[in-house]
Amino acid sequence: MAPSLSKNNALDISTLVDSNVNSPLSITLQGTTFLANGHPILTEVPLNITATPSPYKTTVGCFVGFDSDEPKSRHVASLGKLSGIKFMSIFRFKVWWTTHWVGTTGNDVQHETQFMILDKNDTTNRPYVLLLPLLEGPFRASLQRGTTDCHVDMCVESGSTRVSGSTFRSVLYMHVGNDPYSLVKEAMEVVRVHLGSFKLLEEKTPPAIVDKFGWCTWDAFYLMVHPKGVWEGVKTLVEGGCPPGMVLIDDGWQSICHDDDPLTDEEAMQRTAAGEQMPCRLTSFVENYKFRDYKSPRGKGHGMGAFVKDLKEEFGSVDYVYVWHALCGYWGGVRPGVKSGSGFPESRVIRPKLSEGLQKTMEDLAVDKIVSNGVGLVEPEMAQQLYEGLHQHLQSVAIDGVKVDVIHLLEMLSEEFGGRIELAKAYYKALTASVRKHFKGNGVIASMEHCNDFMFLGTEAISLGRVGDDFWCSDPSGDPNGTYWLQGCHMVHCAYNSLWMGNFIHPDWDMFQSTHPCAAFHAASRAISGGPIYISDSVGQHDFKLLKSLVLPDGSILRCQDYALPSRDCLFQDPVHDGKTMLKIWNLNKYTGVLGLFNCQGGGWCPKSRRNKSFPEFSKLVTCLATPKDVEWSHGKNPIPIKAIEVFAVYMFQEKKLKFLKPEETVEISLQPFSYELLTIAPLRVLPKKLIQFAPIGLVNMLNTGGAIQSLEFEDSGTLVKIGIRGSGEMRAFASEKPTACKIGGEEVEFDYVDKMVIIQVQWPSSSRTTVVEYLF
């Protein structure tokens with residue numbers, strides 16, 4: 001069971017020391033029972049199951065495998081019986097996307113489960129247990145409902161009838177711990193060293209677009225996107241005071257056509273009905289006629305390059321322009337037999353085949369179209385030619401990065417290419433090399449990528465990716481209530497998927513529209529997600545009041561220090577269709593914590609119909625308790641020490657009220673369906689000389705209020721506090737006594753003192769990005 005180390009495997013193995021080293025943590029297979037700290041978690045384990053202790057973290061983890069009587073390309077092996085233990089899991093409900101699911105027995109496990117945590121039991125000292133399906137050789141594993149009652153099965157498949165195996169030793173990793181967040185992080189470190197085929201997010205740098213406000217053209221134009229429209233879209237945002245720092249030109253810029261079309265791109269651009277573009281194939285690396293025919297009024301030439309240069313020069317906030325493309329070139333791949341200039345690769349139409357697991361996923365228009373029309377696949381050894389040609393051209397026309405979509409297509413095409421793992425390796429290796437060469441190694445947004453093949457093979461360089469299904473303005477199936485309940489689904493996808501995916505890629509919660517009925521609901525989640533914030537508004541149709549609570553005047557945002565995760569008390573609950581659970585997500589700013597509460601009840605996955613659907617009986621008022629302990633202060637890149645903190649100041653964004661809570665105290669909050677509340681939680685400190693209590697709150701006109709605080713300094717004299725603020729608007733801080741004076745830039749300013757909050761109006765600085773506010777006592 002030696003680790004599969006590679007030359008890229010630079011993570012220091014010596015750091016892999018269990019954080020609970022003094023606790024009696026263990027995971028063992030004794031006879032026919034898996035034990036965690038000596039407590040049964042899986043019983044009736046078949047005799048062909050093997051368990052090998054992890055060589056990296058002593059006794060807290062083990063690799064699981066099995067033996068089969070005959071070599072096959074697909075195996076289903078029971079892991080044992082799971083009964084009476086709560087679990088949370090991440091499973092693929094669509095070919096491209098995963099979401100959260102909970103249960104208590106093996107019968108509740110969904111097909112294509114990628115990640116599962118068993119809940120701990122404080123009474124018996126049973127710890128949390130992570131079950132993580134892995135890759136082994138040319139095989140990939142997932143979990144599913146057992147063929148025997150209450151059992152959990154492992155599905156291990158190669159994706160090709162030509163690739164068989166019978167002996168496996170590490171298709172699953174099990175890890176135990178007393179903290180669910182540390183549990184996942186530690187396990188991912190073990191798997192990182194074991195596989196040696198990816199890098200953790202902490203080893204990479206996300207692209208700079210994560211700190212920019214962005215605009216995506218998709219919902220504004222769909223395939224009809226054109227230079228004039230993009231220009232007008234940016235112009236209206238700039239004039240409204242919300243200048244974008246990033247523009248994403250989505251599907252509609254490439255040269256494509258149907259197989260029965262002539263080799264021109266005019267025909268394809270007329271195919272605007274839903275899904276009509278998906279059978280199209282790429283015919284050239286060069287942009288289509290709409291962008292190709294652009295002529296610069298500034299004398300900069302013509303084509304995409306001239307347009308991008310003009311856009312950046314006219315609108316100084318636009319630092320980055322990204323464009324969309326599919327992993328295989330376009331939805332239908334590359335058109336065979338096209339001689340489209342030097343370096344355009346040859347392709348062959350391959351008919352996709354859905355695995356048994358994928359056949360259990362939700363019906364999907366994109367899948368139907370792709371399966372029906374096939375994919376023009378460039379041979380894996382020529383994948384480098386595809387990306388080099390496409391990305392070299394894009395770099396030459398001043399494009400800064402790409403959104404790579406339709407990623408999890410390869411597994412359906414792998415029969416004659418050595419199976420899914422070998423095909424994926426070839427494509428991801430080529431993509432990684434091209435991104436490093438042309439887009440600074442990280443200029444990518446990964447999309448439609450929710451499967452462990454991609455996470456374990458495609459993330460050596462890619463560091464930003466979508467963690468939820470698309471933002472749907474309305475239900476594509478026609479349910480009028482989908483305008484609402486689909487928004488709750490989206491939020492739950494993103495929050496829970498981040499627990500798994502955030503170890504590989506920085507979570508991107510996708511775009512939304514500022515004029516949607518649930519726009520504020522979305523905006524609040526994006527504000528504290530820790531990821532990029534971008535919208536897909538139609539040109540001139542914006543809610544600028546809402547947008548200005550997200551966007552600073554220079555096109556940047558107040559981003560949290562880390563990525564948002566669900567709070568402990570809702571990890572094993574159902575926040576979309578149990579009628580009682582509030583989604584609570586936490587994150588950290590530099591000096592404050594933030595807790596978001598969202599009523600997402602009303603619709604979600606239905607195992608019987610195998611699709612997302614409305615559950616109106618659960619869409620009602622939900623009440624929950626919130627506490628400073630919901631924020632995981634000790635986690636993240638820059639933990640906030642609170643050991644000596646006895647009281648927290650809690651500012652409620654919607655109610656505009658300040659409350660004071662001890663670490664164990666709670667506040668009760670009730671929310672109507674698809675509404676939210678944001679709590680900025682600030683440790684209360686005491687100025688020693690006068691025993692004045694003080695806590696910074698932040699800019700209360702911004703959704704991520706505490707994100708505005710960039711520095712905090714308590715002078716030794718005990719009579720002066722300095723706060724560095726980024727942004728403009730109404731700055732609030734709690735002080736138990738009224739300051740004698742407040743200063744900005746060394747000059748005294750007017751302030752109000754209301755309900756023990758010091759209120760100061762902060763202007764956008766002309767030269768420095770940070771405004772220093774001084775409080776004198």
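1. For the class counts used in these notes, Ala, Val, Leu, Ile, Met, Phe, Trp, Tyr, Cys and Pro are taken as nonpolar, Asp, Glu, Lys and Arg as charged, and the others, Gly among them, as polar. The model is a predicted one, and what follows should be read with that in mind.

2. The structure holds 3 cavities of 30 Å³ or more, and the volume of the largest cavity is about 120 Å³. This largest cavity is lined by 14 residues, of which Thr 99, His 100, Trp 101, Val 576 and His 577 are the closest to its centre.

3. Two or more residues of that lining come from each of strand 8 (98–105), helix 10 (482–501) and strand 30 (603–606), with strand 8 giving the most, at 4 residues. By class, the lining of the largest cavity comprises 6 nonpolar, 7 polar and 1 charged residues.

4. Turning to the helices, helix 7 (residues 383–396) packs with helix 8 (residues 420–438) at an angle of about 25 degrees, their axes lying 9 Å apart, which means that helix 7 is roughly parallel to helix 8, as angles under 35 degrees are counted in that way. The crossing of these two helices, helix 7 and helix 8, is right-handed.

5. Sorted by class, the contact of helix 7 with helix 8 has 8 nonpolar, 6 polar and 2 charged residues.

How values were computed: Residues numbered from 1 in each chain as written. Predicted model: local features only at pLDDT ≥ 70, side-chain atom pairs only at ≥ 80, totals over all residues. Heavy atoms only, no water. Axes fitted to C-alpha atoms, helices over the stretch in contact; angles between N-to-C directions. Parallel < 35°, antiparallel > 145°, perpendicular 65-115°, else oblique. Left-handed = near helix turned anticlockwise from the far one by under 90°. 1 Å grid on protein atoms, 1.4 Å probe; cavity = no way out; pocket = protein on both sides within 12 Å on 5 of 7 lines; lining within 4 Å. Points joined across faces, edges and corners; volume = space filled by probe spheres on them.
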